[in-house]
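Student: I'd like to learn how to read a two-chain model. Could you walk me through it?

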Amino acid sequence: MKTSSFPLIHNRKAMVGALIVAFILAVAIAAPLLTSYDPSARVGRPHQAPSLEHWLGTTRIGQDVFARLVYGARTSLAVGFGAGLLITIVGTALGIIAGYRGGKIDEIISFFTNMVLVVPNLPLLLVLAAFIGQASPWVIALILGCTSWAWGARVTRAETLSVKQKDYVKSAEMMGEPRWRIMTFEIFPNLISIVGINFIGSVIFAIITQATLEFLGLGDPKVVSWGTMLYAAQKASALSVGAWWDILTPCFALAFLGIGLSLLNFAVDEIANPRLRTGNRLGRWSALIRSGEGRL
Amino acid sequence: MAFLLRRLCFYLAAFVAAATINFFLPRLMPGDPVQIMFSSAGAELPPESLQALKLTFGFVDGPLWQQYLTYLGSIFSGDLGRSIKYFPLPVTTVLGNALVWTVGLMGTATIVSFALGTFLGILAAWRRGSLFDVIVSVGAIFATSVPAVVTSLIVVFTFGFTLGWFPTGYSADPALDPAFTFEYLGSVLYHGILPMLTLCAVLTGGFAVTMRNNMINLLGEDYIVMARAKGLSDTRVMLWYAARNALLPTVSSLAIAIGTVLGGSLVTEVVFNYPGLGNILYQAILARDYPVIQGQLLIMTATMLIANFVVDVSYVLLDPRLKRA
C-alpha cells in the first residue's frame, strides 16, 4: 500500500465519512437559506403529510419538520462537538498524567477512572438531568463532559505507559526538561491517533446520549434539536396515528450522522493500526492466494 | 482468590459512590432539598408518611455526616423509600417487579448477540479481506453507530405498525393471567422477541468488531504458524488456537458493554412500551418521582456490578494465570 503524508485522503471509509459529516455541517450552517419557515412557529395544519409546501410534512402542532431538521442539526452538532471536545480534554489530560507520573497519582486517578467505568452511564445522567430539570443543550454537554471521560483516560494511560519507555522521552528527561513539557511536547504528539479516535468516539457518544436524554423528556422542549423532535413526535404518538414523517426524519438524520462519524473513526483506527485494514479488495485477492490467508 | 476479593471491595466502593451522588444531588440544588425531593407529591402525602420518607433519605436534624450515615443506613438495610407516583408502594417493589423483565430482556439479548458477534468476528478475521469480512465490518459500523432509540423506532415502525407482525406494547397479552401455561409463556415470547432482536441489532456489531480485531492481532503469532506447520486442520487452528485466546480480551470488553446494554434496554423498553425498568423510569421522570429515579441508579449500579463480578469470575476460570495471582 502506498504510503502518504495524508493517509486519510487515500482511505475510502474516511472520505465517505468526512463527506457525510461535512454535508450535515453545511446544512446546519446554511439553515436559514434552505428554509423560510421558523422552526418553532406554527406554520401549517397539524400532521400534514409531506408536500411541496412542507417538504417533510408538519408536526402535531403544525411546525415545519424540514425547518426543524435543518435548525436542529445546529444544536445536535454543537452539543456533539462541544461535549466531545470536553470529554477528550479531560480524558487525555488525566490519562497522560496518570500514565507518566505513576505511583500514588496514578493509583488515585486509576481508581476514579475504574469507578466511573462501572457506574452505568445513562442511569447516572438520568438522575443528574432529572434534578437539573429541563436541561438546556449546554448543560447536557457539560454533564456529559464531567461523567464520560473515563474510557478515554484508561486508553490514553495504557498508551502513555508504552510511550514513556521510548528513548526520546528518556533523553528529554536526561536533559532536565520539566515534566509538563515532556507530557505536552514529547508524549502527547505521539498519542495523537488515540486522541483522535477518542474525540470522534466521544462526539458520537455525546450526540447519541443528548438525543436519548431529550427523547426521555429530560431536555428543554423549547429547544429545537433532533432529540426534542423525537420527544415531541413520540409524545404525539406519531407512529400510531401514521405520521411517520414526524418521527422517522430525526431518526434517519441521527443514523446518517452516526454512520458518517463512525466511518471516520474506523478509518483513523485502521491508519493507527494497519493490521486491521480490509484494504482494496481486488488488489488484495492476489496477496491472499499467495499467503494462503483466508482459506476456510 | 485475592483477586476476586479485591474486586469485591472495589465494587462496594463504587456502589457507595453512586449512593453518595444520590445523597448530595438534592442538597446541591438551589432551594430546600426536602421540597425538591417530594415536591411532586403535593399535599396528598400524609404527614407521617412524609416524616418516614424524610428519615429514609437522611433529612434528619444534625450535621451533614449524620444525615449521610442515616441515608447509607437505610440503603444498606434495603429501604429505598416509597414511590410518590405509585404511593404507597415501596421503591424496591416498583423497581423489583420491573427488573425481572429488564434482566430477562437484557440477559437473552446479551447472550445471543455475544455468541453471534463472536462467531461473525472469528470468521471475518479468518477470512480477512474477503467479501464476508467487508460485509461484517461495514455492517458492524452501521449497526453500532445508529443510536438505540433510532433502531428501536425504525424496528417498531416497520414490524409493529406497518407490517403488523408483532405487538407494539406490553410484555404479554394483558387479557391473560400470569401463570406457567403455554399460552402465557408463548405470549411473553411473542411480545419479547421484537425488543430482544432490536437490542441484538444494537449489540452484535460491537462484539463482532472487538473479536475480529483481537483475532487479527493474534493470527500473526508464532504459535499459530506452528499449529499450521504441524498440519492441523483449519477449523482446529481457527477455533482452538486463535479464537480461544482472542476470546479473553473480548470477555473483558463484555463487562464494559453491559453499560451499553443497560442504556440500550432503557430506551428500547420506552419505545416498545415494555414494562421493564426503562419504562418505569420514563414514567417516573415525567412525574418527577425522585425516590424512584434515585432508586433506579442504585439498582442499575448493583446490576452492573454483579454482572461485572460474573465476568471477573469467568475471567479467572478462562485465564489460569490469574488463579495464582
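Tutor: Happy to! Helices (H or I, at least four residues) and strands (E, at least two) are DSSP runs, numbered from the N terminus. Chain A has 13 helices and 0 strands, and chain B likewise has 13 helices and 0 strands. Before going on, note that this is a predicted model: local features need pLDDT of at least 70, side-chain atom pairs count only at pLDDT 80 or more, and totals for chains, interfaces and linings use all residues. Residues are numbered from 1 along each chain as its sequence is written, while chains are lettered from A and ligands numbered from 1 in the order in which they are written.

Student: What is the mean pLDDT of chain A?

Tutor: pLDDT is the predictor's confidence in each residue, from 0 to 100. For chain A the mean is 81, with 88% of residues at 70 or more.

Student: Where in chain A is confidence lowest, and where is it highest?

Tutor: The lowest is helix α13 (residues 281-291) of chain A, with a mean of 34, and the highest is helix α3 (residues 65-101) of chain A, at 91. Over residues 279-296 of chain A the pLDDT is below 50, and the model gives this stretch 18 contacts beyond near neighbours in sequence. Two residues are in contact if their C-beta atoms, placed from the backbone, lie within 7 Å.

Student: How many residues does each chain bring to the contact between them?

Tutor: Chain A brings 48 residues and chain B 54 residues. On the chain A side, α12(A) gives the largest share, 12 residues. By class, that side has 33 nonpolar, 10 polar and 5 charged residues. Here Ala, Val, Leu, Ile, Met, Phe, Trp, Tyr, Cys and Pro count as nonpolar, Asp, Glu, Lys and Arg as charged, and the others, Gly among them, as polar.

Student: What span should helix α6 of chain B have?

Tutor: The expected span of a helix is 1.5 Å times one less than its number of residues. Helix α6 (residues 131-145) of chain B has 15 residues, so it should span 21 Å, and its end C-alpha atoms are 21 Å apart, which agrees.
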